[in-house]
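Let's walk through this structure together, one region at a time. Keep the 3D view open as you read.

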Amino acid sequence: MTRFSRWALACVVVAAAVLAALGWISLRQWERSAEVVVREQARDMAAMAAEKIEMLLRGAPEDAVARLRAAAGEAGPAALEAAIAARPIREVLEKTLGGLEAPTIAALLDPQNRTVYAREPLGEAQRLASARLREGLPGWQVALYQPPGFSPHQTVRRQVMLFTFALGVLLVVILAGSVTTYRLMRRESEVARLKADFVANVSHDLKTPLSVIRMFGETLEMGRVTDQATRDEYYRIITRESERLSRLIDNVLDFSRIEGGRRTYERARAPVEPLVRESLEPFAYPLAQGGFKVEADIAADLPDVMMDTAAVGQALSNLIDNAIKYSGARKAVRVSASMVGGELALAVADEGIGIPPAEHARIFEKFYRVGRSDTQGRRGSGVGLALVRHVAEAHGGRVTVESRPGEGSRFTIFLPVR
Ligand SMILES: Nc1ncnc2c1ncn2[C@@H]1O[C@H](COP(=O)(O)OP(=O)(O)OP(=O)(O)O)[C@@H](O)[C@H]1O
Ligand SMILES: [Mg+2]
């Protein structure tokens, strides 16, 4: 799966790179050909203007044209200006060169290449093309100019830049999309792996108490145990293991209800103290067996709280179960209930193996277990804390963790009182 997605990502990146290269090459070609086209157009336009001037000059008074021709041969520009200013000539030029499309500027040049007429000052304008006049004013030229910023090169450049930008945006979008897809796929495959662990862990957890129950049941059935005290002990073990079994099944069932969005809570005002005591009760035997120091610290006159007692009890059981399960040599469990800042705080603390700070957020995710499947040899399905969080949040509260590796952990459920 991840091999496949890595391949897919590589393909997308390569495709995007090829697209970028092709886009760049075709933009360069387009830039070059566009420039050629613009120049050709300018040449045609200049030739047409020249023809038109020739045509109109044929209809103009012969003496005005002759004066213009003569003025070009002289040194001083004054005569030239006067000749140009003559009404028939002015009209011809304005009709032909004055009406050209902006931003192109058309100009008439005399045989000495002096600009005789231009619609507007040429300034820094760059010459695009020119065409020679044959009749009427032989040796004269019509030239087309582009003002700065409007040269074909710059115009095309602007468009190329625009396209390059669009291409860049496209590539970024493609890359972002692939990275997101890749991340999603990785996450999916991680969840799939965790789910497989989950199934294995749950099966194992179901099997252990079942085989204990079966073994002690069979022993009792055979009637070989004659000593009443031993028999009582076996009955207690069977009861305890059945309780463990139902707790586990409740956990898994509730988890699947939460996942399917079908978990509902029935809240009613209820006292806190019995809830805490009843949650601790099923653990009395394992706590005593393990040699745990147990403390229950329930503040006096706690108000009754709006809650689903069964759900909050289950959440507490999960925290107590973890405290027992993740304890090392120092065996101590402390359960407390108190008011903190107007909220009810139900805390379960241990002096066990603790949790590295980097894992504090993740342990509340479904299936997540520190160090994956076997947290130092302790089995579990990884849904306990996900359930605790769901219960707390469904009550408008939250759950927090304070923990340091090797020192112990303290989980606190905060519930609003009303
Ligand atoms: N009191 C604790 N001390 C140290 N680590 C803890 C403690 N509580 C939880 N953890 C870590 O957080 C992980 C998630 O806990 P969670 O209760 O959700 O799952 P679990 O105990 O592994 O399985 P289960 O669903 O059977 O409870 C545990 O696997 C463990 O690594
Ligand atoms: Mg647990």
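Start at strand β6, residues 293–298, which is hardly covered: the count of buried residues among its six residues is zero. Here a residue is buried if 20 or more other C-beta atoms lie within 10 Å of its own, exposed if 12 or fewer, and partly exposed in between, with C-beta atoms placed from the backbone. Strands (E, at least two residues) and helices (H or I, at least four) are DSSP runs numbered from the N terminus.

A word on the model itself: it is predicted, so local features need pLDDT of at least 70 and side-chain atom pairs count only at pLDDT 80 or more, while totals for chains, interfaces and linings use all residues. Residues are numbered from 1 along each chain as its sequence is written, and chains are lettered from A and ligands numbered from 1 in the order in which they are written.

Now follow β6 to its neighbour. Six bridges join β6 to strand β8 (residues 332–340), and the two run parallel; two strands pair if DSSP finds at least two bridges between them. E295 has R334 in β8 as its bridge partner.

Elsewhere, four strands form an open antiparallel sheet, in the order β2-β1-β4-β3. Its edge strands, β2 (115–118) and β3 (126–132), each pair on one side only. Within this sheet, three bridges join β1 (residues 105–109) to β2, and A107 stands opposite A118 in β2.

Finally, turn to ligand 1. Of the 22 residues around ligand 1 (C-beta atom, placed from the backbone, within 6 Å), Y326, R369, V370, G380 and G384 come nearest. The elements giving two or more residues to this shell are α9 (309–325) and α10 (384–394).
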